[in-house]
Amino acid sequence: MKKFINKNVLLLTQGQFISFLGDAIFDFAMSIWILDKTGSTFLMGLTMALLNIPYLLLAPIAGVFSDKHNKKVILITADLLRGILCFFMMWYIMVYGFSILVVLPCSLLIGCISPFFGVTINSLPPMIVGKDDIIKVNSLFSICTSLSNIVGRSSSTFLYYYYGIKIVLLINGISFITTGILEMFITLKNEVKTKLNERTGLFMQYKIAFQQAKEYKGLPTILTYITAFIFLYQMSLTLIIVLFNEDSSLGVLWLGIVSVALMAGMFCVSILLMIVKFKQDTLLKVLIISGRISFFILIPFAFIKNIYWLSSIAFIFGMAFNFILTMLQSTIQRNVSEDSLGKIMGLVILSTQGVAPLGTFVAGVIGELGNIPLLLTLLLIIIFISFCTFSSKIKLMEFVTGDGGIPGLNN
């Protein structure tokens, strides 16, 4: 069995951290810059959409592409191209000044490249460690992603305010180029690739990905739940932000404290799963029990006015949220064959990052109805019921292909 911490794990971890750090800095600073230059919330939203919507459109296609081609080359190419685009935008702004006709196409290209990086790096854990260490690698990746988001969003405001968008683009470009160079030293075992004679039309690639998922009985149940979970989570998160802004007894400061408590819970679970080895049956029991308890105590969140209780609930929810997603993703990586993992991880990325903007949009629409506490409470009840329904189908976190049945899930 391979050691958990090896050269490949370290190189991919830094790639995960630096790339997502650059994304976090770029996304936040870009939104401020567009709004500052144009005064248009529409153009700001359009730019952000161009960075995020490609996950919804391209994730399954990126999965098919990842299974057909060398994953190491995909990672390196994606990072180098994003770095070059950042340097190009920085050069253009320095020479010619602001132009929305340059910013939007470059943002779109960066947004289209990112799903290929995300899908590929999430399909690599089975190729760099043994199956028993996949959960640890995903936990380490989760820590890096959370850290990069925290550091990126907090530092982007400072960098933009004092140095402007050019330094943000410079740092982002350097981060991508550096990561691309370091990824050249990754060593992967021989890859099992999908045959290149598959039809590659746009809709056919979606069809291939979904057909591949159906071959793993029980996997459609997992993917459906992940999609619903992220969608509902993003809706509730949006309504919570509105709730804190509208309620004078809460305010932005309390929102910041609760957000920190949520991230702390996610961190604790990631560290625990990374350093402690649990039996699969034990993890399953913890998954079911912790999820049901966490989502149940979350229901009255909108009517609690005590910061200590709110922070405690957020901490517990952060633990459950991260534990559920890490377990489900690790289960997929452990059991899906390597020649299909890219396609399946494409669907996972579609279910997580692609659906999130839709959740935000829908929450914004229903938020116009008013009575945010009631809407939020109804949403949290739905989250609780949906998890209870999903967890009642689980026996063991394993599933197989073919007609052998599913030890783990009953559809």
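Helix α3, residues 71–96, has 26 residues and spans 37 Å from its first C-alpha to its last, close to the 38 Å expected at 1.5 Å a residue. The expected span is 1.5 Å times one less than the number of residues, and helices here are DSSP runs (H or I, at least four residues) numbered from the N terminus. The model is predicted: local features need pLDDT of at least 70, side-chain atom pairs count only at pLDDT 80 or more, and totals for chains, interfaces and linings use all residues. Residues are numbered from 1 along each chain as its sequence is written, and side-chain values use heavy atoms, with hydrogens and water left out.

**Ends of α3**

- At the start of α3, a side-chain oxygen of asparagine 70 comes to within 3.0 Å of the backbone nitrogen of lysine 72.
- Just after α3, glycine 97 has a positive phi of about 90°.

**Nonpolar cores**

- The largest nonpolar core has 68 residues, and those with the most contacts inside it are Leu219, Phe301 and Ile332.
- At least two residues of this core come from each of α2 (41–68), α9 (219–246), α10 (251–275), α11 (280–297), α12 (307–335), α13 (338–354), α14 (356–367) and α15 (372–391).
- Helix α9 gives the most to this core, with 14 residues.
- Another core, of 44 residues, lies apart from it and includes Phe26, Cys86, Met89 and Phe141.
- A nonpolar core is a set of buried Ala, Val, Leu, Ile, Met, Phe, Trp, Tyr and Cys residues joined through side-chain atoms within 4.5 Å.
- Buried means under 20% relative accessible area, exposed over 50%, and partly exposed in between (1.4 Å probe, protein chains only).

**Second largest pocket**

- The second largest pocket holds about 210 Å³ of space, a volume being the space filled by probe spheres set on grid points joined across faces, edges and corners.
- A pocket is an open set of points on a 1 Å grid over the protein atoms alone, where a 1.4 Å probe fits, with protein on both sides within 12 Å along at least five of seven lines; lining residues have an atom within 4 Å of a point.
- Of the 13 lining residues, Val269, Val286, Ser290, Met319 and Phe323 are the closest to the centre of the pocket.
- Helices α10, α11 and α12 each supply at least two residues of this lining, and α11 gives the most, with five.
- The lining divides into eleven nonpolar residues, two polar and no charged.

**Helix α15**

- Helix α15 has 20 residues and reaches 28 Å from its first C-alpha to its last, close to the 28 Å expected at 1.5 Å a residue.
- Its buried residues include Ile372, Leu379, Leu380, Ile383, Phe387 and Phe390.
- Serine 391 lies in α15 and is buried, with a relative accessible area of 3%.
- The side chain of serine 391 reaches the backbone oxygen of cysteine 388 at 3.2 Å.
- Leucine 375, also in α15, counts as buried at 19% relative accessibility.

**Other positions**

- Alanine 356 is in helix α14 and is buried, with a relative accessible area of 16%.
- Alanine 356 and threonine 227 are 129 residues apart in sequence and 8.9 Å apart in space, C-alpha to C-alpha.
- Serine 337 is in the loop between α12 and α13 and is partly exposed, at 30% relative accessibility.

Technical notes. Ala, Val, Leu, Ile, Met, Phe, Trp, Tyr, Cys and Pro count as nonpolar, Asp, Glu, Lys and Arg as charged, and the others, Gly among them, as polar. A polar contact is a pair of N or O atoms within 3.5 Å; within protein, one must be able to donate a hydrogen and the other to accept it, and residues adjacent in sequence count only if both atoms are side-chain atoms.
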